[in-house]
Amino acid sequence: MRVCVIGTGYVGLVTGVCLSHIGHHVICIDNNEEKVKLMKSGQSPIYEPGLSELMQSSMKSGNLEFSSDLERGVDNSDILFIAVGTPALPTGESDTRYVEAVARGIGEHLKDGYKVIVNKSTVPIGSGDWVRMIVLDGVGERQKTLVAAGGPDASTQAIGAEFDVVSNPEFLREGSAVYDTFNPDRIVLGSNSQKALDMMQELYAPLVTRTFGEEENKNLPPVPIVTTDLNSAEMIKYAANSFLATKISFINEVANICDRVGADVVQVAKGIGLDSRIGTKFLQAGLGWGGSCFPKDVSALIHTADDYGYNSELLKSAVEVNKRQRAILLEKLQKELKILKGKVIGLLGLTFKPDTDDMRDAPSLDLIEQLNRLGAKVKAYDPIVSQTGISHGLSGVIIETDAERLADGCDALVLVTDWQQFANIDYEKLAKQMHSSRVIVDGRNFLDRKAAEKAGFRYVGIGH
Ligand code: NAD
Ligand code: UGA
C-alpha cells in the first residue's frame, strides 16, 4: 500500500521504517530540513536499537523515501499518518498546534480520490472529529485560492476530496521501538468508517499474522485488533499510559513504606507480581517515571477530566508520588553525606531510560537542578550522551567520558538510569577513585547490593 508518515520522530520514523520493511511504499515527511537531509543520507536522527540498519535496507529496496514536501506525500499515498509531537503546555493540557498544522496542510493538498488520515500522535479525546474539521478547513482554503485564481475547474477540484479519520494510538516504548512495532500486544483502530478500518487492517495484516515478529512469538495467536469508535481509541491511549504510570507510583509508595518497616520492595514486587492479576512488569521501584510521554499524558488526562467536571484524585496522587520520589533520593544523599554544599555527586546515566538518547522529562534533570540548588557539584556519565555529545541543553553538570573519570573525586554516586552496561563496571576501581564516603545510591534498585558492598561502597537502595 502507499503510505505517508508525517513527522519523523521516535514514533513516525520507526512506524515509517517498519511499514516499509513489511512491503509498503512509505514516504516520510518532516518539516525539519536538516533531519530530512540526514535521513536521505541513510542516517537516523534518533538512537533506537536496530533502526538505522532497517532504515538503510528499506531505502535500498526503494520502499522508503524522505521528503519535506507534504504535497508530494499526500499525492502519492492512500494512508496518511500524523505522527508529530503533542507536548504539554504549562497548564498540563496537550499542545496540538503541530497536529493542527499538519491536518490543515493535508486539507490544502487533498485532491480527487479517497484517503485515510490516521492520528498516530497521542491526541486529546475528541481530536478525531477535530482533525476532520481542520482538514475540511484546509480543503476550503484551497478552494478559495483556486476560485480567486479563477481556474475553470476551480470549485470542483477540492470537492473531489474524500477521506476518513482513524485513531491508531501507538504503544511502542523507546529503546525497544522496533521490537514493539513488529511484536505488538494489540493494534487499536478507532473509526466510524468501515472502509477506513478495512484499509488499516490490510496495512497491518503482515504484523497481525506475526510474519515479521520475533521467532519466539511466531506460534502465538494473531495480534488482536481492537476496533472502537474514535473517542474510545483516543481514551485507550491515555488510560494505558496513566495505568502504567500509576502502577509505578504504587510500587514506589510501597518502596517508601518498605524503607520504614525494613521490608525489601524487590522481593515484595516479585511476590505480588507473580499473581497473574497483577503481573511482574512495571513494578520496578526507584526514582520514578520520566520521558516524553508518561508525564505529559497523565497531565493531559487530568486536564481533560477537569475540563469535564471530574477531579481525578488518583492520577493527581500518582503525579505527586512521582515528584516526591526525586526528593526521596535527595534525602537519602543528605542522610549519608549530611551537608551537600561543596560535595561532588556523580550521576550514572542521564537519559530517562536505557537504550535511548531521549532526555525529555528525564528524572536526571530534576536531580541536577536540585543538587545545584543545594550547592553540590554534579558530574555525569551516560553511555549515549557522553558518546554522542548530545547535550540537550544540559546545564549545571560536567559530562565525563567514562565511569572511572566520573568517580574521580566524587563523594557519592547515584545510579539514575539502568543501562545494562552499568552492571559490568569494575566498581572496586570506581570506589578507589572516590572520596572516603564511597556512597552509591541506586536509584533503580539495579545493582547487586552484595557486590557493591564488596567493592567498598556503602549501598543505598529505594525500599531495598
Ligand atoms: P518527536 O518530537 O520525536 O517527533 C516529532 C517530529 O514531527 C519532529 O521530527 C518534528 O520535526 C516533526 N514535525 C513537527 N511539525 C511538523 C510539520 N508541520 N510537518 C512535518 N513534520 C513536523 O515526537 P515523538 O516522540 O515521535 O512523538 C510523536 C507523537 O507520538 C506524540 O503525540 C507522542 O505522544 C506519541 N507517542 C510517542 C511515543 C514515544 O515513545 N516517543 C510512543 C507512543 C506515542
Ligand atoms: C511508555 C509506554 O510504556 C509505551 O507503551 C508508550 O507507547 C510510550 O510511553 C508513549 O506513549 O510514549 P516509554 O516512555 O518509552 O514508553 O518507556 P517506559 O519503558 O514505559 O518507561 C517510562 C518511565 O518509567 C521511565 O522513566 C522508566 O525508567 C520508568 N519505569 C518503568 C519505572 O520507574 N519502573 C518500571 O517498572 C518501569
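I take a cavity, on a 1 Å grid over the protein atoms alone, as a set of points where a 1.4 Å probe fits but cannot get out, and a pocket as an open set with protein on both sides within 12 Å along at least five of seven lines; lining residues have an atom within 4 Å of a point. This is a predicted model, in which local features need pLDDT of at least 70, side-chain atom pairs count only at pLDDT 80 or more, and totals for chains, interfaces and linings use all residues. Residues are numbered from 1 along each chain as its sequence is written, chains are lettered from A and ligands numbered from 1 in the order in which they are written, and side-chain values use heavy atoms, with hydrogens and water left out.

**Entry 1: the cavity**

I searched the whole structure and found one cavity of 30 Å³ or more. The largest cavity holds about 40 Å³ of space, a volume being the space filled by probe spheres set on the points, with grid points joined across faces, edges and corners. I listed its lining as Asn119, Ser121, Thr122, Val123, Ser167, Pro169, Ala233, Glu234 and Lys237. Helix 10 gives the most to this lining, with three residues. I number helices (H or I, at least four residues) and strands (E, at least two) as DSSP runs from the N terminus. I sorted the lining of the largest cavity into three nonpolar, four polar and two charged residues. Here Ala, Val, Leu, Ile, Met, Phe, Trp, Tyr, Cys and Pro count as nonpolar, Asp, Glu, Lys and Arg as charged, and the others, Gly among them, as polar.

**Entry 2: helix 10 on helix 12**

I then looked up the packing of helix 10 (230-261) against helix 12 (residues 294-307). Their axes come within 9 Å and cross at roughly 115 degrees. Helix 10 is therefore roughly perpendicular to helix 12. Axes are lines fitted to C-alpha atoms, for helices over the stretch in contact, and angles run from 0 to 180 degrees between N-to-C directions. Angles under 35 degrees count as roughly parallel, over 145 as roughly antiparallel, 65 to 115 as roughly perpendicular and the rest as oblique. The crossing of helix 10 and helix 12 is left-handed (the near helix is turned anticlockwise from the far one by less than a right angle; clockwise is right-handed).

Contact (heavy atoms within 4.5 Å) involves Met235, Lys237, Tyr238, Asn241, Ser242, Leu244, Ala245 and Ile248 of helix 10, and Phe294, Asp297, Val298, Ala300 and Leu301 of helix 12. I count nine nonpolar, two polar and two charged residues in the contact of helix 10 with helix 12.

**Entry 3: the second largest pocket**

I put the space in the second largest pocket at about 300 Å³. It has 14 lining residues, and the closest to its centre are Asp259, Lys332, Lys335, Val460 and Gly461. Helix 10, helix 13 (313-337) and strand 14 (458-460) each give two or more residues to the lining. Helix 13 supplies the largest share, five residues. The lining of this pocket comprises three nonpolar, three polar and eight charged residues.

**Entry 4: helix 13 on helix 14**

I found helix 13 packed on helix 14 (residues 363-373) at about 45 degrees, with axes 10 Å apart. Helix 13 and helix 14 are therefore oblique to each other, and their crossing is right-handed. Arg326, Leu329, Leu330 and Leu333 of helix 13 meet Pro363, Asp366, Leu367, Gln370 and Leu371 of helix 14. The contact of helix 13 with helix 14 has six nonpolar, one polar and two charged residues.
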